[in-house]
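Let's take a friendly walk through a structure with two chains. Have a look at the picture first, and then we'll go through the parts.

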Amino acid sequence: MNLETLIEALGLKCKCCWEKLKSTQVKGGYAGDLLSDVMANSSAGDIWVTRQVHQNIVAVASLKDLAGIVVVQGATPEKDTLERAGKEGIPILVTDMAKFEVVGRIYRLLSEG
Amino acid sequence: MSGDDLIESLEGIYHIQGRDFVDAGIVSSEVKKSLQGKGIPESIIRRIAVITFEAEINIISYAQQGTIQLFIEPDAVIIEANDMGPGIADIDLALQEGYSTADDSIRELGFGAGMGLCNIKKFSDIFELTSEVGQGTHLKSIVKLNG
């Protein structure tokens, strides 16, 4: 499944790196707000679901080759975060949904293949 | 290994300013980029990225300043982090998962969960940590390239 399919299925809004949505494959997912937890336990190609909005999330996603970041609960990514994400090529998606619902829906989509 | 050999394998020295969370991850990104295109497997590069990131965050969180040095040997990558910080009084305690002395400003950013040093140890093949209270901390991590 690519990021474009994920966005359409969940009604997410893309805040940067539109050009990468078609070509980026989502292989799995990880959820967490502790950056060391995500550094240690996420896998390359995961979509990361978080409530964090500061620019360090871009560094984590980039270093771990994550597919993208979903920011939940209507939180607004900081301007610096979006600038850095654009530079590093990390798509940032936002939604008003809570983390639990987003994770459940992504999990179901990925399980269905 | 002699000192000359180490100088020869030095790939980069990166300076890190304490309390500068805005630039956190920049050094790790540079380290990652300098490892790419050298025939090192991506999975090993990602392990080194975790180690470098956690070392970088520790320096930013606790020290006035510090450096990260990257060495590329034929059979291993070595990451050394040195800082001028408060030092660690009890290394065994600091290596317990969940133990942290981070303040709220660090925790609000999603750091300071007491996982950083554990992650470095977990992703290293060889891990050395020495420290002197009031002087600083020295960390050496070796990641072998041949599994």
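How many residues lie between strand 2 of chain B and strand 3 of chain B in the hairpin that they form? There are 3 residues between these two strands of chain B.

## Before we start

What you see is a predicted model, so local features need pLDDT of at least 70, side-chain atom pairs count only at pLDDT 80 or more, and totals for chains, interfaces and linings use all residues. Residues are numbered from 1 along each chain as its sequence is written, while chains are lettered from A and ligands numbered from 1 in the order in which they are written.

## Chain B at a glance

Chain B has 6 helices and 5 strands. Here helices (H or I, at least four residues) and strands (E, at least two) are DSSP runs, numbered from the N terminus. Read from the N terminus, the order of elements in chain B is α-β-α-α-β-β-α-α-α-β-β. The radius of gyration of chain B is 15 Å, close to the 15 Å that the globule rule gives for 147 residues, so chain B is as compact as a globular protein of that length. (The radius of gyration is taken over C-alpha atoms, and the globule rule is 2.2 Å times the number of residues to the power 0.38.) Along its principal axes, the C-alpha trace of chain B spans about 40 × 30 × 25 Å.

## The sheet of chain B

In chain B, 5 strands make an open sheet in the order 1-2-3-5-4, with antiparallel pairing. Two strands pair if DSSP finds at least two bridges between them. Strand 1 and strand 4 (126–132) of chain B sit at the edges with a single partner strand each, so one side of each has no neighbour in the sheet. From one strand to the next, the twist averages 10°; angles run from 0 to 180 degrees between N-to-C directions, and axes are lines fitted to C-alpha atoms, for helices over the stretch in contact.

Now zoom in on some pairs. Strand 1 (residues 10–17) and strand 2 (residues 65–72) of chain B run antiparallel and are joined by 7 bridges. Tyr14(B) has Ile68(B) in strand 2 of chain B as its bridge partner, and His15(B) has Thr67(B). Strand 2 of chain B also pairs with strand 3 (residues 76–84) of chain B, in the antiparallel sense over 8 bridges. There, Gln65(B) stands opposite Met84(B) in strand 3 of chain B.

Helix 3 of chain B lies across strand 1, strand 2, strand 3 and strand 5 (136–144) of chain B, and runs at about 5° to strand 3 of chain B.

Helix 3 (residues 42–62) of chain B also meets helix 6 (residues 116–123) of chain B: their axes come within 9 Å and cross at roughly 150°. That makes the two helices of chain B roughly antiparallel (over 145 degrees; under 35 counts as roughly parallel, 65 to 115 as roughly perpendicular and the rest as oblique). Among the residues that meet are Val50(B) and Ile57(B) in helix 3 of chain B and Ile120(B) and Phe123(B) in helix 6 of chain B. The contact divides into 6 nonpolar, 3 polar and 2 charged residues. (Ala, Val, Leu, Ile, Met, Phe, Trp, Tyr, Cys and Pro count as nonpolar, Asp, Glu, Lys and Arg as charged, and the others, Gly among them, as polar.)

## Over to chain A

The sheet of chain A is open too, with 5 strands in the order 1-5-4-3-2 and mixed pairing. One of its pairs is strand 2 with strand 3 (residues 46–50) of chain A, which run parallel and share 4 bridges. In that pair, Ala31(A) has Val49(A) as its bridge partner.

## Where the chains meet

In all, 17 residues of chain A are in contact with 20 residues of chain B, where contact means that the C-beta atoms, placed from the backbone, lie within 7 Å. On the chain A side, helix 2 of chain A gives the most, with 5 residues.

Helix 3 (residues 56–63) of chain A packs against helix 2 (residues 26–35) of chain B at an angle of about 20°, with their axes 10 Å apart. These two helices are therefore roughly parallel to each other. Ala59(A), Ser62(A) and Leu63(A) make the contact from chain A, and Ser28(B), Ser29(B) and Lys32(B) from chain B.

Notes:
Two residues are in contact if their C-beta atoms, placed from the backbone, lie within 7 Å.
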